[in-house]
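Open the structure in your viewer and keep the selection tool at hand. We will go stop by stop.

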Amino acid sequence: ASFDVTIFQDYKYEAIQGGFKFVPLPVWHGDDLISHGFAFSLHPGPSSSSSSSRALNVVYLSDISRMVPETLEYIQNKLPPTEILIVDSLLWEKKHAVHFSMEQAAELAKQLKPRVRTYLIGMSCDNFLPHDRMNAYLRETYGKTANSSEGAIVMAHDGLVVELPPNKTN
C-alpha cells in the first residue's frame, strides 16, 4: 500500500492530481482543535462557447463547531460568491461540543448567502424528522431556491447528485 501526503497552508490555493484546486479553510472542531473545510470550484465541462462556461463555487465545512472569524471574512471577501454550501449539522437544535446544529448551519447559510443551495450533512438519524418531512420543514422555514420549488436548505443523502445550474453569461 502507498499514499501521498499533501501538506497545505490555510487560505492558499492548492492543486492536486488532475489540476483540481482547493483552498483549505480552518474552522473550530471543539474548543481546542482546528479542522479544515475547503472551497473549490466545479466546472460544468465543455460548452458550445468556452467563454460562456463558468465555475460553480462550493464551500464544504464538515466537523465545525464554531467559525474562525478570519475564515468567515475570507469566504465573504476573498473567494468568489458561494453558490453551494455544504455544512455539518449533527443535531436539530441542541448544541454539540464539536459539531454544528441545524440551527447553527442555517445561521451560517444566512451569513454566506449561497446562490444555489445549502446542503446539510452529518445528521444524526435519531434527531431529525424523516428525510422528506425534514426537507418540507426546511423549505417552509428557510424558503425555496429562486428557480425551483426545492428548498434553499436541504438535507443531503447518500448517493446525492448535485445538478449544475445552466450556464449564464452575466
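Predicted model: local features only at pLDDT ≥ 70, side-chain atom pairs only at ≥ 80, totals over all residues.

Residues are numbered from 1 along each chain as its sequence is written, and side-chain values use heavy atoms, with hydrogens and water left out.

**Stop 1: the start of the chain.** Select Phe3, Val5 and Ile7. Together they make a nonpolar surface patch of about 430 Å². Patches take residues with over 30% relative accessible area and no salt bridge; like charges are joined within 9 Å, and nonpolar side chains (Val, Leu, Ile, Met, Phe, Trp, Tyr) within 5 Å. A salt bridge puts a side-chain nitrogen of Lys or Arg within 4 Å of a carboxyl oxygen of Asp or Glu. Areas come from the Shrake-Rupley method with a 1.4 Å probe; for residues, only the protein chains shown count as cover.

Stay on Val5. This residue lies in the segment before strand E1 (14-15). Strands (E, at least two residues) and helices (H or I, at least four) are DSSP runs, numbered from the N terminus. Is Val5 buried or exposed? Val5 counts as exposed because its relative accessibility is 63%. The cut-offs are under 20% for buried and over 50% for exposed, with partly exposed in between (1.4 Å probe, protein chains only).

**Stop 2: the sheet.** Now show the strands. Seven of them form an open, mixed sheet in the order E1-E2-E3-E4-E5-E6-E7. E1 and strand E7 (153-155) are the edges, each pairing on one side only. Pairing requires at least two DSSP bridges between two strands.

Stop 3: Select strand E2 (residues 21-28). Two bridges join E2 to E1, and the two run antiparallel. Glu14 stands opposite Phe22 in E2. Five residues separate E1 and E2 in their hairpin, where Gly18 has a positive phi of about 85°. Six of the eight residues of E2 are buried.

Move to strand E3 (residues 34-42). E3 pairs antiparallel with E2 over seven bridges. Leu25 faces Gly37 in E3, and Pro24 stands opposite Phe38. E3 also pairs antiparallel with E4, over five bridges. Ser41 has Asn57 in E4 as its bridge partner.
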